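Please keep the sequence and the coordinates at hand while reading.

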Amino acid sequence: MKAHVTTRINQESVEFLCEPSETLLRVLRDNLGMTGTKEGCGSGDCGACSVVLDGELVCSCLVLGVEAQGASIETVEGVAASDELHVIQQKFLEHAALQCGVCTPGLIVATKALLAENPSPTEAEARYYLAGNLCRCTGYDKIIKAVMDSAATMREGA
Amino acid sequence: MSEARAFKHIGQRTIRPDGFDKVTGKANYGADLALPGMIWGAILRSPHAHANIRSINTERAEASSDVLAIATFQDFPSVNDAASAAGTLRKDLIDTAQNILAQDKVLYHGHAVAAVAARTEAAAEAALALIDVDYEVLSPVLSIDAAIAEDAPLLHPQLKTEGLVEPADSPSNIAARMELKKGDIAKGFAEADVIIERSYDTPTVHQGYIEPHATVVNFDHNAPSMIWCPTQGHFDVRARIAQLMNMELGQLKVVASEIGGGFGGKTTVYLEPVALILSKKAGRPVKMVMNREDVFRASGPASASQSTIKLGAKMDGTITAMQATLHYEAGAFKGSPMGPGCMTVFTPYDVEHMYVEGFDVVVNKPKVAAYRAPGAPQSEFAAEMAVNELAAKIGIDPIDLRLKNAAREGTQTIYGPKLKVVGLEACLKAAQQSEHYQSPIADGVGRGLSAGFWFNIGGQSSVIINLNPDGTGSIIEGSPDIGGSRASMQMMAAEVLGIAPGKLNPIVADTEHVAYNQTTGGSRTTFATGMAVIEAAESVVSQLKERAAALWNVTTEQVDFVDGVALNLAGEDSLTLAQICAAAEKTGGQISGTANINARGAGPSFAVHLCDIKVDPETGKTDVVRYTAIQDAGKAIHPSYVEGQFQGGAVQGIGWALNEEYVYNESGVMENAGFLDYRIPLASDLPAIETIIVEVPNSFHPFGVRGVGETGIVPPLAAVGTAVADAIQKPVSSLPCSPPKVLELIMAES
Amino acid sequence: MATLKLSGALAAMAGCEEIEVSATAYRGLLQEIDSILPEWDRAKIESMAFVIDGEIVDEPFLATFERDSELHFIEKIAAG
Ligand code: FES
Ligand code: FES
């Protein structure tokens, strides 16, 4: 029997039905049509499915849809304010920190979580925090530059 | 082409036009499409690495109300005809079909055997258990040595070695042999003071694109059937499916979704034809998505290899002879990149006497696919390791040794052509002068370097540029954008038209909206599709001049067009591109330019990489502490994305050299089919990847472009291997340099 | 006369490493070789790339060359 779940996604309240065995990733993508969150592995190893659940960065492929009950979720779709990009998104573009871009939503969500926890990470801290987000195209160099520049810009703006 | 040419947009670091959608999650990749009424397909895969299929019984599945359609090899109409007709060119098609759905044999663990469609993904997967397959299990052949052994089990009882001097009379697991010669190899060795001979091996590795294969297919009797998929070449997907299904090209419309990485691995078809069969039978759109495990087990990784290199040189550093024997695993069906491996192995060197022999060997592993400069990393790894050892033996700096023997304009390659202007010497000199190479090597750290070569290709591209009445416009191209190519198309068109790049919207069109384009691969897109963009833009410029001439009532010769403005040479008037577009209605209708080209003159790209590695003597763990990639781009259109190609290739090569490998058990089951155990480099594994863009223009391209996508994966293997060997002071001959293997080398008696 | 360089299996079949040809275009070249080497596998050759003085031509059907050109057939290069 399907479960009825009430949750908040990107500050909006959302209701959905899902099988008890369905992951949050499946629910977001297939049931709610929010395909910004990507699936690269389904086993918690690539970070393409990163979302923030009640303030904590998680792999949505490792969370069940029913666990969203009463929770608050942030996905990549909620990072930009309508058509104005978030600083992190802008910096990813300026630094050419994406090639194919399939890892990008996960990395943007993870970078936002990093900078919320630690507004002044060292490069090494950024590299370790983002070690759960695989990127096969870029070799990470430009991603890390974008992250460090985002941090600096956000500190100035704060 | 004048080298001092000043560009307005080329060489700038613009924001890519598709960037907004990609950072906000709006861009649609392979698995992101859902259609009304869509159902799901799933694939039954072989539990054995090598077995005969006695029977496939689908009765129970057919009886199930959950199952909406079933597909097996028998559903390929064309192949069944072709199998009886048995022409040689059809053999490739049959191999493709048998790889997509096995016929009477399974040839690797995970080989697709049958497929079903059901209302949900879970239901489709559950229904696979209703298909009964009776196997006769055979012993698997899992290495080159095992495959070429006298009494090896045969994968294909009909397969005979092609390319032997005397035609083969008995079947073999060696599908092909290739021989390339230059000069007289025996004479070359006779002239040498020093000769070294070494053997090397590299493992099976995967491209590791983050997006798994996926497709949505809607079969249609009355209109072209739609195939949506992430691919490097949607026109070639269309051609392949048309052949397999006996359809006309016009009955198919392939839409390239955004693509989440390919690196050569998305140049073929796996799911698409199966989904088409299921959709046709069920009368519904069908979606299929591979999981990560299937991607590892059943898509196309890169060949494992074994190479023997023999080099001869004089004490002054002149290399007199280079010889190689190269074996490549093809996987289950013939067709490894052994050919390009043989052709590239010694291309960085201008040496009189060379001899190369290559073998294409079938084994019970998935059929390999292209992976960035296919074939070159394996063979050039072996050659460059040996060259570094030669330099050490003669006591000469490895860059000096290379400079002394470097391939340059006019060098006769072993595969035929003489090289045109190339940038190897420029790269070597840039490496030598780099801060990295000049810097001292820290304690416990080893340094390695390597050169690398890839041909690059040109080929067919088709482009349409449409201008709007207000002077904005669109660039309609057919090359899937895998790493930012829309940005370079925009910049090249903007350069010719003299308007801001943002005024032009680049669109990767489906197979119905633009003429044929070759697959994005071979480092061809910025070169060849770029050339088509330039030609289409030039056609637009000549029309703009005609229209301006008509407005001024002068001849076209009296009109010049500079920086987006038409000038009346017979008077003082000028008109901007936008003004001419606004008046297009009065001068003959709207303005658009097309170019359908078969681009020649792709310029090869050489690279040199430098690598410093620290090795922990207790555990064998390696740490890349500094890395620099130096490569000839001809002309960098968008320097950030050029650097990105260098860096991405370097890091894939670092992974290949240090960690990545398919680990098989004795029954041929891959034991590490996931990103946890097949470990690609993480952000925390790496330092900054420094880059130096060398620009030796390719005279065949209007802006001097050379493709840059592939060469970057060639040098890292030997740069890393040499750095590890230098750090531990032991020879390295086998990749990956994973901690247990490095520790074993450290422990071994010298 | 242009020179066609042969290697590997082609050279073995022809029994030499180069042939002088009077053709000045790809199509004529194929016909000329048909008459010199009737046993060669034309379908296989047509599937190969053609090299004229160092320039690789993937689709050589209409290609022409000079009287002193050096010509090769090579494997088509795979795309990665
Ligand atoms: S899809 Fe969730 S971590 Fe890879
Ligand atoms: S940009 Fe392709 S995986 Fe990161």
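B:Ser439 sits in the loop between helix H15 (435-438) and E16 of chain B. The model is a predicted one. B:Ser439 has a relative accessibility of 14%, so it counts as buried, the limit being under 20%. Apart from neighbours within four places in sequence, B:Ser439 is in contact with B:Arg447 and B:Arg626.

The next topic is the aromatic rings. A pair of aromatic rings is described by the distance of the centres and the angle of the planes. Over all chains, the structure holds 18 aromatic pairs. In one of them, B:Tyr415 and B:Phe455, the ring centres are 5.2 Å apart and the planes stand at 75°; because an angle over 60 degrees counts as edge-to-face, the pair falls in that class. The two residues are 40 residues apart, and their pair links distant parts of the chain. B:Tyr415 belongs to the loop between helix H13 (398-405) and helix H14 (424-433) of chain B, while B:Phe455 belongs to the loop between strand E16 (445-454) and strand E17 (459-467) of chain B. B:Tyr415 is buried, with a relative accessible area of 7%, and B:Phe455 is buried at 2% relative accessibility.

B:Phe455 also pairs with B:Phe453. Here the centres are 5.3 Å apart and the planes are at 70°, so this pair is edge-to-face. B:Phe453 has a relative accessibility of 0% and therefore counts as buried.

Elsewhere, ring pairs join B:Phe296, B:Tyr662, B:Tyr664, B:Phe675 and B:Tyr678 into a cluster. A ring can also have a charge over it: B:Lys310 lies over the face of B:Phe189, at 4.4 Å from the ring centre.

In soluble globular proteins, nonpolar side chains tend to be buried together. The largest nonpolar core has 186 residues, and the members that touch the most others are A:Phe92, B:Phe76, B:Ile309 and B:Phe346. Helix H12 (residues 376-394) of chain B gives this core its largest share, 10 residues. For B:Phe76, leaving aside neighbours within four places in sequence, the contacts are B:Ala97, B:Ile100, B:Leu101, B:Leu244, B:Met245, B:Pro273 and B:Ile277.

What remains is the empty space. Rolling a probe the size of a water molecule over the atoms shows where empty space is left. How many cavities of 30 Å³ or more does the structure hold? There are six. The largest cavity holds about 560 Å³ of space. It is lined by 33 residues, of which B:Ile482, B:Thr526, B:Gln645, B:Val708 and B:Gly709 are the closest to its centre. Helix H16 (485-497), helix H17 (525-552) and helix H19 (639-658) of chain B each supply at least two lining residues of the largest cavity; the largest share, three residues, is from H19(B).

Methods:
Residues are numbered from 1 along each chain as its sequence is written. Chains are lettered from A and ligands numbered from 1 in the order in which they are written. This is a predicted model: local features need pLDDT of at least 70, side-chain atom pairs count only at pLDDT 80 or more; totals for chains, interfaces and linings use all residues. Side-chain values use heavy atoms; hydrogens and water are left out. A nonpolar core is a set of buried Ala, Val, Leu, Ile, Met, Phe, Trp, Tyr and Cys residues joined through side-chain atoms within 4.5 Å. Buried means under 20% relative accessible area, exposed over 50%, partly exposed in between (1.4 Å probe, protein chains only). Helices (H or I, at least four residues) and strands (E, at least two) are DSSP runs, numbered from the N terminus. Contact means heavy atoms within 4.5 Å. Rings of Phe, Tyr and Trp (its six-membered ring) pair if their centres lie within 6.5 Å; planes under 30 degrees apart count as stacked, over 60 as edge-to-face and the rest as tilted. A charge sits over a ring if NZ of Lys or CZ of Arg is within 6 Å of the ring centre and within 35 degrees of the ring normal. On a 1 Å grid over the protein atoms alone, a cavity is a set of points where a 1.4 Å probe fits but cannot get out, and a pocket is an open set with protein on both sides within 12 Å along at least five of seven lines; lining residues have an atom within 4 Å of a point. Grid points are joined across faces, edges and corners, and a volume is the space filled by probe spheres set on the points.
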